[in-house]
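Colleague: I have a chain open here and would like to go through its fold with you. Could we take it question by question?

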Amino acid sequence: MDQYPIEPPGTVDDQLKALGITLQPCPSWCTRNHFGAEPTPLYVDDGFFHYGPTTTISDNAAGLSDDGQDADLQLELTSWVPTLAAAPGPTHVCLSDGGDSVYYFTPDRARQLAAELTRLADQAEDRSQA
Ligand SMILES: [Zn+2]
């Protein structure tokens with residue numbers, strides 16, 4: 001059976017040039033490759049994320065029960081760009097477990113979450129000292 005050769009996609013820069021697209025500038029906090037290490041075909045309507053550096057915080061679930069396991073929670077800034085030529089959308093704080101659980105917070109909601117975590121942590125320490 002004959003197989004047609006599959007053309008590997010060009011580099012991201014080559015593909016963008018062929019599409020006549022210049023990406024809008026990244027937000028100042030963006031530090032990542034937008035399209036992965038392996039070139040894949042790009043299309044005008046493709047969207048992508050800007051991502052900032054990741055901070056990892058482990059929880060303490062392992063100490064709660066015999067079969068508990070600590071989870072690594074990852075926090076980072078992100079912004080969705082709906083098409084290759086579009087400007088970055090609003091910036092969100094992204095919280096994930098490295099798997100399917102991903103949560104996006106506007107800056108106001110992130111501050112609300114941080115304030116509630118601080119309030120609960122303060123309450124927990126007051127209780128442990130009682
Ligand atoms: Zn970027």
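**Strands, loops and exposure**

Modeller: This is a predicted model. In it, β3 and β4 run antiparallel and are joined by 6 bridges.

Colleague: Over how many bridges do β4 and β5 pair?

Modeller: Strand β5 covers residues 102-105 and pairs with β4 in the antiparallel sense. Ser 96 has Val 102 in β5 as its bridge partner. The number of bridges between β4 and β5 is 4.

Colleague: Which residue takes a positive phi in the hairpin of β4 and β5?

Modeller: The hairpin has 5 residues between its strands. The positive phi there, near 80°, belongs to Gly 98.

Colleague: Is Thr 83 buried, partly exposed or exposed?

Modeller: Thr 83 sits in the loop between β3 (72-81) and β4 (91-96). Burial would require 20 or more other C-beta atoms within 10 Å, and exposure 12 or fewer. Thr 83 has 13 C-beta neighbours inside 10 Å, so the residue counts as partly exposed.

Colleague: How far apart in space are Thr 83 and Phe 48, C-alpha to C-alpha?

Modeller: Leaving aside residues up to four places away in sequence, Thr 83 touches Val 44, Asp 45, Asp 46 and Gly 47. Thr 83 and Phe 48 are 35 residues apart in sequence, and their C-alpha to C-alpha distance is 7.3 Å.

Colleague: Is Thr 22 buried or exposed?

Modeller: Thr 22 lies in the loop between α1 and β1 (48-51). Because Thr 22 has 10 other C-beta atoms within 10 Å, the residue is exposed.

Colleague: How many residues of helix α1 are buried?

Modeller: Helix α1 spans residues 12-19 and is hardly covered. Gly 20 follows α1 with a positive phi, near 70°. Among the 8 residues of α1, the count of buried ones is 0.

Colleague: What radius of gyration does the protein chain have?

Modeller: The C-alpha atoms fill a box of roughly 75 × 40 × 20 Å along the principal axes. Of the 130 residues, 5% count as buried. A compact globule of 130 residues would have a radius of gyration near 14 Å, whereas the protein chain has 21 Å.

Colleague: How far apart in space are Thr 22 and Glu 125?

Modeller: The two residues are separated by 103 residues in sequence. From C-alpha to C-alpha, the distance between Thr 22 and Glu 125 is 52 Å.

Colleague: Which element has the lowest mean pLDDT?

Modeller: The protein chain averages a pLDDT of 89, and 91% of the residues score at least 70. Among the elements, β4 has the highest mean, 98. The lowest, 90, belongs to helix α2.

Conventions. Residues are numbered from 1 along each chain as its sequence is written. This is a predicted model: local features need pLDDT of at least 70, side-chain atom pairs count only at pLDDT 80 or more; totals for chains, interfaces and linings use all residues. The radius of gyration is taken over C-alpha atoms; the globule rule is 2.2 Å times the number of residues to the power 0.38. Helices (H or I, at least four residues) and strands (E, at least two) are DSSP runs, numbered from the N terminus. Two residues are in contact if their C-beta atoms, placed from the backbone, lie within 7 Å. Two strands pair if DSSP finds at least two bridges between them. pLDDT is the predictor's confidence in each residue, from 0 to 100.
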